[in-house]
Amino acid sequence: MKISNLRNSTRRRASAAVALGAVLALTATACGDDGSGGGGDKGAEGSGKGKIVFWDNNGGVRTEIWKEVIADFEKANPDIDVQYVGIASTEYQSKVDTAIQGGGLPDVGGISASMLAGFAAQGALETLDFRLAKSPLNGKLNKDMIESMRAAGGGDDKLYSVPTSANNGVLYYRTDLFEKAGLEEPTTWDLFYKAAEKLTNKGKNEFGYTIRGGAGSIAQALDAAYGQSGITSFWDSSGKKTTVNDPKNVEALEKYAALFKKVTPAADLNNDFTKMVAQWDSGTIGMLNHNLGSYQDHVKALTTDKFRGIPQPIGPGGKRVQVSNPVDGVGMFKSSKNKEAAWKFIEFATSAASSSKFNESAGQVPAHADAAKDDWISKAEPTKLAADALSDGSTSIVQLPYYLPDWNTISKADNEPNFQKVLLGDMSAKEFLDTMAEQLNAAQAEWQEQMG
């Protein structure tokens with residue numbers, strides 16, 4: 001999948017913001033020396049030795065593999081001590097925002113495309129272009145993932161985060177339950193809805209699907225809407241108005257939200273991805289929408305004999321449409337007092353060996369070109385199928401506007417509670433999408449004005 005070459009630079013940055021690439025992201029001290037770094041602190045290069053602090057933006061889920069990478073790094077760099085701090089993905093943005101205003105930023109942090117613009121707009125991130133240009137990494141990282149990170153920074157085309165991996169939406173389904181019920185693989189939305197209904201037996205606590213109603217619900221809801229409507233662009237032809245509240249998306253979301261409590265557990269209302277994944281792995285639920293990141297959890301819980309992970313269902317006209325997943329990466333905070341050591345860690349963490357180790361654990365597509373050729377990818381079926389779907393022309397990606405500084409707030413704090421109201425029947429799908437559209441159009445207008 002290549003970045004579109006649009007005539008106008010604003011539109012170009014918007015469409016590029018999340019291109020995934022053709023191959024497809026402990027003490028009180030928190031800032032190297034004194035922990036006082038805030039958004040306005042310019043930091044220092046430092047000695048390249050001593051302590052640095054790393055904040056993991058998916059703590060708990062990725063703690064084990066990051067500790068392995070850190071141990072490898074410290075063995076190769078015995079004069080640098082990396083202090084790991086794991087922060088849950090649902091709390092990461094607010095913790096960083098608080099530290100930007102009040103001090104206490106780390107040296108290095110996980111920075112995905114979805115949150116990059118907001119941090120960059122506050123002047124908290126170090127630009128990494130000149131460091132990458134002198135690094136062995138230069139020319140080895142997936143070009144589209146690099147472009148995604150540049151575009152997601154808010155419009156200045158600077159690199160604030162070195163990509164580690166790309167993710168993709170997956171429909172996981174229980175092959176054992178499907179076989180027992182005589183159901184076809186849920187490759188289309190019609191087959192998906194048919195299976196969700198047939199696999200549900202509330203009396204036996206059996207459900208056809210688990211829906212994400214808690215933190216992180218908006219991207220999944222939009223995936224279902226665009227996947228069924230077949231609309232392939234987040235903005236209309238003017239680039240000023242979003243398509244989220246197009247009547248086709250409204251109709252699709254109504255149908256999807258109606259699944260709640262009909263073919264899903266009631267607990268789904270408050271489930272974030274960790275609870276949803278754990279519930280699917282331990283219960284008798286037919287299907288789960290998540291991404292490549294939970295593949296290894298399913299393997300451990302179910303073994304590959306009981307489930308498959310396939311690309312999202314095909315919609316109208318035999319075309320698969322899905323919303324983009326953000327490229328993930330690691331960035332350096334400008335307030336770091338030991339930027340030389342911080343860069344050594346970033347460089348090591350995104351090297352071929354570390355990239356392969358990390359992404360095999362996470363089940364995601366590595367940003368490093370050499371790691372992307374490793375044998376494990378062909379053996380991890382969902383990862384291979386996702387990469388194929390993104391490169392064979394069968395899939396259209398609706399690029400979410402990660403470049404908008406307000407995107408994370410709009411897609412989380414402002415609208416996750418509203419989506420719960422939709423599930424409960426207290427708000428219509430139209431009202432929900434109209435509200436979001438109004439916020440997005442205002443944010444887009446403000447961004448376009450700033451960009452000139």
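Predicted model: local features only at pLDDT ≥ 70, side-chain atom pairs only at ≥ 80, totals over all residues.
How exposed is Glu-45, and what is the relative accessible area of this residue? Glu-45 is partly exposed, with a relative accessible area of 39%.

## Salt bridge between Glu-45 and Arg-131

The structure contains 12 salt bridges. In one of them, Glu-45 is paired with Arg-131, and the closest N and O atoms lie 2.7 Å apart. This pair connects distant parts of the chain: Glu-45 belongs to the loop between α1 (9–16) and β1 (50–56), whereas Arg-131 belongs to helix α5 (residues 129–133), 86 residues apart.

The two partners fall into separate classes of accessibility. Arg-131 has a relative accessibility of 7% and counts as buried, because the limit for a buried residue is under 20%. Glu-45, at 39%, is partly exposed.

## Salt bridge between Glu-68 and Lys-357

Glu-68 forms a salt bridge with Lys-357, with 4.0 Å between the closest N and O atoms. Here too the pair links distant parts of the chain, with Glu-68 in helix α2 (residues 63–76) and Lys-357 in helix α14 (residues 352–362), 289 residues apart. The distance of 4.0 Å can be read against the criterion for a salt bridge, which is a nitrogen to oxygen separation within 4 Å.

Glu-68 counts as partly exposed at 35% relative accessibility. Lys-357 is likewise partly exposed, and its relative accessible area is 31%.

Lys-384 is partly exposed, with a relative accessible area of 38%, and Asp-388 counts as partly exposed at 33%.

Salt bridges that share partners also join residues into a network, whose members are Glu-45, Glu-126, Arg-131 and Lys-339. The bridge between Glu-45 and Arg-131 described above therefore involves two members of this network, since a salt bridge is defined by the approach of a Lys or Arg nitrogen to an Asp or Glu oxygen.

## Negative surface patch

Which residues gather in a patch of negative charge on the surface? The patch is formed by Asp-406, Asp-414, Glu-446 and Glu-449. Of these residues, Glu-446 is located in helix α19 (residues 429–451). Glu-446 is partly exposed, with a relative accessible area of 43%.

## Buried residues

Asp-328 is found in strand β10 (residues 328–332). This residue is buried yet has no salt bridge. What is the nearest side chain of opposite charge to Asp-328, and how far away is it? It is Arg-62, at 6.7 Å; a salt bridge would require a nitrogen and a carboxyl oxygen within 4 Å.

Gly-286 lies in strand β7 (residues 285–291) and counts as buried, with 0% relative accessibility. The C-alpha atoms of Gly-286 and Phe-207 are separated by 6.4 Å, although the two residues are 79 residues apart along the chain. Tyr-160 is located in the loop between α6 (143–152) and β4 (161–166) and counts as buried at 7% relative accessibility. The C-alpha atoms of Tyr-160 and Asp-370, 210 residues apart along the chain, are separated by 22 Å.

## Positive phi values

Most residues other than glycine have a negative phi. Asn-205 has a positive value, with phi near 60 degrees. Asn-205 lies in the loop between α8 (189–198) and β6 (207–210) and is exposed, with a relative accessible area of 53%.

Lys-261 also has a positive phi, near 70 degrees. This residue is found in the loop between α10 (247–257) and α11 (273–282). Lys-261 is partly exposed, and its relative accessible area is 45%.

How values were computed. Residues numbered from 1 in each chain as written. Heavy atoms only, no water. Patch = residues over 30% accessible without salt bridge, like charges linked within 9 Å, V, L, I, M, F, W, Y side chains within 5 Å. Areas by Shrake-Rupley, 256 points an atom, 1.4 Å probe, with all protein chains shown as cover. Lys, Arg positive; Asp, Glu negative; His and termini not counted. Charge placed at Lys NZ, Arg CZ, Asp CG, Glu CD. Helix = DSSP H or I, 4+ residues; strand = E, 2+ residues; numbered from the N terminus. Buried < 20%, exposed > 50% of the residue type's maximum accessible area, 1.4 Å probe, protein only.
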